[in-house]
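Q: Please take a close look at the inside of this model, starting from one residue and working through to the spaces left between the side chains. Cover the charged pairs at the end.

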Amino acid sequence: MTANPPAGLRADARRNYARLLTEARATFAAQGTDASLEHVARRAGVGIGTLYRHFPNRHALLSAVFEDAVNDLRSRAQELLDAPEPCTALVAWLREIVTHAGEYRGLSRALMSVTTDHTSALSRCSDPIQQAGAALLTRAQQAGTVREDVTITDLLQLTHAIALAAEESPADPDVADRLLTLTLRGLKAS
């Protein structure tokens, strides 16, 4: 499912919205989430004012761009709720978060910045991820395999930090997995 334009837009405005999303995805993938919004607008063949009419700020655009990834992560969490090993399911899901975050340089930093800011447009991405992960974490805690004092906010902050570390170490493709493994050892219940 792709981010849909708001209801009631004229056909040309819907096309502009779709082109902006397509170009934002391509630009963010190539240049990172801090890429110039003017560049995105230019690639979409519209002015910067048109971009801001659809997306009032960078976080609103990021939220629309990453809606598909959020839906994928939510669906995956739902599937993993039935896995026989709750801790293994949680770990698999956290690995997928790192993978998704690694697709766009800067995404983890942006998501970390809104972890507790529910007023940001980007919280449309962050909040559903937290809810999906919380269900997996609760199941692993109830199974006695993850410490009771671990929160989903802590796990997501750690996961985003790991994705940032991997971003800064492109010559070491295994760094994210090593760091995630080290981190997860500290989560196990005694």
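A: Asn-16 is a residue of helix α1 (residues 11-31); helices (H or I, at least four residues) and strands (E, at least two) are DSSP runs numbered from the N terminus. The model is predicted, so local features need pLDDT of at least 70 and side-chain atom pairs count only at pLDDT 80 or more, while totals for chains, interfaces and linings use all residues. Residues are numbered from 1 along each chain as its sequence is written, and side-chain values use heavy atoms, with hydrogens and water left out.

Asn-16 has a relative accessible area of 16% and therefore counts as buried (under 20% relative accessible area; exposed is over 50%, partly exposed in between, with a 1.4 Å probe and protein chains only). Setting aside residues up to four places away in sequence, Asn-16 touches Val-46, Thr-50 and His-54, where contact means heavy atoms within 4.5 Å.

Next, the core. The largest nonpolar core holds 54 residues; such a core is a set of buried Ala, Val, Leu, Ile, Met, Phe, Trp, Tyr and Cys residues joined through side-chain atoms within 4.5 Å. Phe-28, Phe-55, Leu-61, Leu-90, Trp-93, Val-146 and Leu-155 have the most contacts inside this core. Helix α6 (residues 86-102) is its main contributor, giving eight residues, the most of any element.

Phe-55, apart from neighbours within four places in sequence, is in contact with Tyr-17, Leu-20, Leu-21, Ala-60, Leu-61 and Ala-64. Leu-90 belongs to helix α6 and, at 1% relative accessibility, is buried. Beyond four places in sequence, Leu-90 touches Gly-133, Leu-136, Leu-137, Ala-140, Val-146 and Leu-155. Leu-90 and Arg-139 are separated by 49 residues in sequence, yet their C-alpha atoms are 8.8 Å apart in space.

Two cavities of 30 Å³ or more are counted. On a 1 Å grid over the protein atoms alone, a cavity is a set of points where a 1.4 Å probe fits but cannot get out, whereas a pocket is an open set with protein on both sides within 12 Å along at least five of seven lines; lining residues have an atom within 4 Å of a point. Points are joined across faces, edges and corners, and a volume is the space filled by probe spheres set on them.

The largest cavity has a volume of about 100 Å³. Its lining includes Phe-66, Ile-97, His-100, Cys-125 and His-160. At least two lining residues come from each of α5 (67-80), α6, α7 (107-113) and α8 (123-142). By class, this lining has 10 nonpolar residues, two polar and no charged; Ala, Val, Leu, Ile, Met, Phe, Trp, Tyr, Cys and Pro count as nonpolar, Asp, Glu, Lys and Arg as charged, and the others, Gly among them, as polar.

The second largest cavity comes to about 50 Å³. Leu-111, Thr-115, Ser-126, Ile-129, Gln-130, Leu-156 and His-160 line this second cavity. The elements that give its lining two or more residues are α8 and α9 (152-168), with α8 giving the most, three residues. This lining divides into three nonpolar, four polar and no charged residues.

The largest pocket contains about 280 Å³ of space. It is lined by 19 residues, of which Gly-102, Ala-166, Glu-167, Pro-173 and Ala-176 are the closest to its centre. Two or more lining residues come from each of α6, α9 and α10 (175-185). The pocket lining has 10 nonpolar, three polar and six charged residues.

Finally, the charged pairs. Seven salt bridges are counted, each a side-chain nitrogen of Lys or Arg within 4 Å of a carboxyl oxygen of Asp or Glu. In one of them Arg-95 pairs with Asp-177, with the closest N and O atoms 2.1 Å apart. This pair links distant parts of the chain, as Arg-95 is in helix α6 and Asp-177 in helix α10, 82 residues apart. Arg-95 is partly exposed at 29% relative accessibility, and Asp-177 is partly exposed at 40%.

Asp-12 and Arg-10 meet in a salt bridge of 2.8 Å, N to O. Here Asp-12 is partly exposed at 29%, whereas Arg-10 is exposed at 58%. Asp-149 pairs with Arg-147, their closest N and O atoms being 2.8 Å apart, and Arg-147 is partly exposed at 34%.
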